[in-house]
Every structure is written in C-alpha cells, then in structure tokens.
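Open the model in your viewer. Keep the selection tool ready, and follow the stops below.

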Amino acid sequence: MKNADYKNRLIDEKVKESLQLFGAVCIEGPKWCGKTWTSTHHCSSRIMLGDPEGDFQNKRMAEVYPSIVLEGEVPHLIDEWQEVPRLWDAVRYEVDQRGRKGQFLLTGSSTPKIKGVLHSGAGRIKRLRMYPMSLWESGDSTGDVSLKDLFNGNVKAKMITPAGLKNLIYLCVRGGWPGAIGVKEKHAGDIAKAYIDTIQEYDIFKIDDKQYDTKKISLLMRSLARNEATTVSIKSLAKDISEKDDVRIDTDTLSRYLTLLDRLFLLRNQPAFDTNIRSSIRVKQMEKRHFTDPSIACALLGARTDRLLADLKTFGFMFEAMVERDLQIYAESIGGKLYHYQDYNGSEIDAVIELEDGRWGAFEIKLGADRIDEGAASLLKVRANMLASNPQAHVADVMCVICGMANAIYQRPDGVWVVPITALKE
C-alpha cells in the first residue's frame, strides 16, 4: 500500500528482509513513532483494531472470530494486535498452516502479559523494535558521515555549517516524533507532553488487569527525567523521589513500575560493555537509563527551549540522550548494538557500538567544540588502560568524539575522529 508522501525510515530494509525470512513480522515501539505508517507502506492489505467505526467492530470481530481478521492479501497488516492478545497465537498457527514467508505484519505499542505464555512465536514471528526518528530520518542531519564508513575507514574530512545551540535544543525538545517534524519552536514540546498525558491517563490502565498508583508512576517518570542519561540505581531513584517529591516508595514497587514503563516501550536503556563477552562488567555494571526519546524527559521537566538555554548543564544530559538515541537507531540498522562502558576504576565511555563481526567503536559525546580535546583524551585514556592491563586486548576499532557545535568532520593526529551529530547517518 505504497504512499507517495511516505518518509523513508531506516527500519524499512529490516522489514523487507524479515518478510523474506519469516512468516510474520511484528514491529513494536512507542505510540506515535510511525509504526502504522511504515507497516502500511510494506503491506498489501490491513485491518486496524483501533478503528472506532461501528463501535470498534474490528476489535469485536477479532475477539470472536480471530481467523476472519487474518484474511487479506499478503503481507496483511494487523495494527495494534495487542488489543486482542489471542491474535498472537492465531497468527503463529496460521503461519504454520500456510508454510510461507511474508504473510503478516503486526504492530504493537505495548507488550500484553499473555504474550509468550502460550507460544513465543520463535522461528515464525520476527520482532523488530522501532524508535522515533533519528536526525537523519527527520531531515535534520546532512548525512555527510556514515557510521558504516567510520568502521570501514572511508570517511573524508570536510568543513560543514555548524549547528547552533538554540537549534540543537529545539531538536531535543521537539524529539523524533513524525507528527512533530516541522512544528514551530513554541509548539516543539507539545507532542511529547501529549504523549506523557496519554500514557499516564489511559495506556497504563489498558496493559493488564492490575491496579497502579498513577501518582507514583508520575513521580517515577519525573525522577527518571531528572536522571536521564545516567546509571542511576533503583535505590537511588527511590531516594530521589523521597527527597525531591516528599513521597516514600519502596524499591519493589519501583521495579514493577519500571517493568510497566518498559512494556509500554517508554524506556530505552544502554547495557554495559566489555571487550570480553564473558566479562562480569557486562553483567554487574548498571544500564544507562533513557526514555525512548529525549523530548519525553524535557517535557517531564517542563524544559522548553528558553529554560534549557539558561541551564546548559541539564541540556548536556538531554543532548547526550539525543545522540545516543540516534546511535541506537544507526547501529541497529547495520546489525550493531549500543552499549556504554564503565569499569571498576572509574573510566567511562559515553557510547560503545559493537558490530556483529566483533569490531567495536568508542564514542564520547560533547556539546561544544571547546570540549573535543577532553573527549579525545578520555577515549585515549581508556584505550591505554586496556592495553596496560592486557597487551593483547581488542581495543576500539573506531574512536570518535560526536559534537554538537563543530564546524568540520576530521581525524585528529591521535587517531580520534570528530563528527558533528548533524552530519551523521547510519
């Protein structure tokens, strides 16, 4: 169902590839990130379970006669399948019966508890995670530098027009929501604010039959916003809520609510990395916490453009979150994974990308060009420490400082690349 107005997404190639390998593909991600638009672009027929026509007759029909909603020219899209969780097993069964690839596309904005209880769908249904748009996808990056080319050594030095501070703040506050692209500065955070309201007032009550304290969930989300792009522990989140919001909440409750937010695809965390795949660092070090888009943290903090201009320390965390959102999207599009590095000696790397062939890159994130030297020194220090502890260590294949306001793409004499975020793509 091709649409001439469709804006290409990096997940498109993964969808095409997966439809050739699996009987069904499930695209999961937060509301409003473009799942339905992308899935419609790849399908030949569709049924929308959220369509209110006829008192939600599509959903009612799916509940009573699930086989009927599976009918249609393939690939057949079932949008928001989690509205009728039994459809997961119905799709899996139908895929087995047909014995053909590329039969169904599913989209989901939450993970119902029943999913995986009866049949996981392993081998039949491929799950793909979708995020809001990267700067390349939204048209806010020139794409002069490819992440793939960085790893392959095919990048050429080039002067570019640097991004302004106010524009970078606008991009963070606006986020990567397709519906927010092109909005004026005064409305930049409106989509993210509406998203939060929808989550807190509606979606948390649909995910299962449990009762949740919406006030405590709201306080948890605000605490996560205050701790965006950090490795804050659950215990520290509880302490933060107690000190800042004067509400007592135990860690078990926080753990349940974090799981809830994760099932709504609201969170996107970075696990810890070590060059040794059996290393305890991968297991013991905490994840770096993120919302699925930095605009959510901005909206929760009430941080519009003018406020962040006056508080560059806070914006530094939001900028890091935006860069790591993009790195996650770019890495996954080329088969890689995003991590962060933090060893027991206090050395850190903001972002690490590991490719399927074992090569890895180390990325420091700096807002201003005046901190490029600091970022490069940090990367070189980690490299030296690794070699000092193990001369045979597999050190980073790529070292790069990703900067907000740099006017050039170049490689320093020490081997560290400098790349503006508004020049990067997959």
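Two strands pair if DSSP finds at least two bridges between them. Helices (H or I, at least four residues) and strands (E, at least two) are DSSP runs, numbered from the N terminus. This is a predicted model: local features need pLDDT of at least 70, side-chain atom pairs count only at pLDDT 80 or more, and totals for chains, interfaces and linings use all residues. Residues are numbered from 1 along each chain as its sequence is written, and side-chain values use heavy atoms, leaving out hydrogens and water.

**Stop 1: strands**

Select residues 417-420, which are strand 13. Strand 12 runs antiparallel to strand 13, joined by 2 bridges. Pick Gln411: its bridge partner in strand 13 is Trp417. Now click Gly415, in the hairpin of these strands, where phi is positive, near 95°. The hairpin has 5 residues between its strands.

Next, select 158-159, strand 7. Strand 7 is antiparallel to strand 12 (408-411), again with 2 bridges. Lys158 has Ile409 as its bridge partner there.

**Stop 2: cysteines**

Which cysteine sulfur is closest to that of Cys43? It is the one in Cys26, 14 Å away, too far for a bond. A disulfide is a pair of cysteine sulfur atoms within 2.5 Å. Cys43 is buried (under 20% relative accessible area; exposed is over 50%, partly exposed in between; 1.4 Å probe, protein chains only), at 2%. Cys403 is buried too, at 0%. The disulfide count is 0.

**Stop 3: a loop residue**

Finish at Tyr65, in the loop between helix 3 (53-64) and helix 4 (66-69). Tyr65 is exposed, with a relative accessible area of 52%.
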